[in-house]
Amino acid sequence: MNGLQRFDDTYGHTPIRKAFEEGDVYGVAYDSTRAALKPIRLGVIGAGGVAQSKYFPAVARLRMIWEPVEISAFAEPRTEHVDKVQAIYGGQAYADYREMLRAEPLDGVMVLSPDGLHREHVLACIEAGLPVLVEKHIARSLADAVQICEAADAAKLLMMTVANKRYSPPYRRARTLLDRGAVGAPALMTGKFNLGYNYVDLLEAGTIHLFDLTLYLMGAVTRVNAAGMKRKPGGDYPIDNAVVMLEFASGAVGSLTTSATALSLKPWERVEIYGEHAWLSVEDQYALTLYGGEVEGAQSWRPVVPNTQLFDEEFGGYMGIVENFCQCIRGEETPLVTGWDGCRAYELLTAVHLSLARRTPVDLPLPDPAAADAEVYAWLKRS
Ligand SMILES: NC(=O)c1ccc[n+]([C@@H]2O[C@H](COP(=O)([O-])OP(=O)(O)OC[C@H]3O[C@@H](n4cnc5c(N)ncnc54)[C@H](O)[C@@H]3O)[C@@H](O)[C@H]2O)c1
């Protein structure tokens, strides 16, 4: 760890906070410690929606606070995206990612391509000997997720999965409060997530965020029991609303509710954790409240937004992801979310799918990933 304190006890991205505390409301004053870090050249595979709305802006914001990182090249087959990204951010464009991996002296690659291509793209990065950060969900099947994690381990390469909410300040602080015993031993967790549209698989595309948070905040799950229903006719997926009961290795229990048909307007996400005479809640990746005792008042944290606002780059967790990836490449930090974390979130998703298909509880860990995938694919009617 170098001299920069990251994600400590503050509520926000520490370097930006530090700048504000020093009176630099734009957070751009020269930061000599940060500027002296080893420069990192990143490549991107897939410069579409999430790349343009989250990652390119997050890297630009990090550069503004003197993080020496750049997206020096990106691979994207669609010329309209290439032209737009180059006009805004520059960078060397490639139509074929293999060409980029061959030609560019990169320090790491962010795989932001469609889910069905993650396996191919991650394996190509590993083959090229490059550290890789892959968007959620890590792969399109549990067997593929296991395969790419094992390949990274065999090559002794850094592999991280995007679980952006783990980097989001209210969830980071909730984790810190739990570590400090602020609610005692957690006995119960509840969570909800509204996706608000049903043209993707609700659980795989949306609720997987909540599955990852469940593991992050409560630890390993040993049993799931799910029920679902389909409210809206048509569409490609068997359910668009679901409830999941959870049992944890710690002995705690939990429940998750998730909907693709209700509105996704805020509040669309909520997590509550109940302990001994205390509980906490995180609402919308924004407000954290600790009900810490019967005498004291509740404590609540919300971002103090300066006149120069902080955007989703920070509160969505994307600056934190990229910063952590760079620091891991430099050998200064360990990953907050490893490839195996992404794999475990996918395993929890698979167990929930299995429970919905079988209408019975399912125990974890799943003994046979390939058999589980086959059963889930048959239920989803996916080829
Ligand atoms: N963390 C989150 O909350 C979040 C949000 C949105 C999307 N995602 C994930 O991000 C990934 C991308 O999603 P998106 O919404 O940006 O999709 P998108 O379709 O907008 O972008 C993907 C891009 O990859 C490009 N592409 C396709 N084949 C390619 C290839 N062989 N080589 C290089 N590029 C290729 C496409 O042309 C497209 O521009 C998905 O895995 C998705 O699940 C995560």
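Trainee: Which residue is the bridge partner of Leu 290 in β14?

Mentor: In this predicted model, Leu 290 is bridged to Gln 299 of β14. Residue numbers start at 1 in each chain and follow the written sequence. Because the model is predicted, local features need pLDDT of at least 70 and side-chain atom pairs count only at pLDDT 80 or more, while totals for chains, interfaces and linings use all residues.

Trainee: What makes β13 and β14 a pair?

Mentor: Strands pair if DSSP finds at least two bridges between them. β13 (residues 287-291) and β14 have three, in the antiparallel sense, so they meet that definition. The names come from DSSP runs (helices: H or I, at least four residues; strands: E, at least two), numbered from the N terminus.

Trainee: Where do these strands sit in their sheet?

Mentor: The sheet is open, with mixed pairing, and its nine strands follow the order β14-β13-β12-β11-β7-β10-β9-β8-β15.

Trainee: Why are β14 and β15 called edges?

Mentor: β14 (299-301) and β15 (362-363) each have a single partner strand, so one side of each lacks a neighbour in the sheet.

Trainee: Which residues are in contact with Val 322, leaving aside its neighbours within four places in sequence?

Mentor: They are Tyr 55, Ala 58, Val 59, Leu 62 and Val 69. Contact here means C-beta atoms, placed from the backbone, within 7 Å.

Trainee: How many residues does domain 1 give to its contact with domain 2?

Mentor: The assignment gives domain 1 (14-165 + 325-330) and domain 2 (186-274 + 338-380), with bounds from an automatic or database domain assignment. Domain 1 gives 17 residues and domain 2 gives 20. On the domain 1 side, α7 (142-154) and β6 (159-161) are the elements that give two or more residues, and α7 has the largest share, seven residues.

Notes
Two residues are in contact if their C-beta atoms, placed from the backbone, lie within 7 Å.
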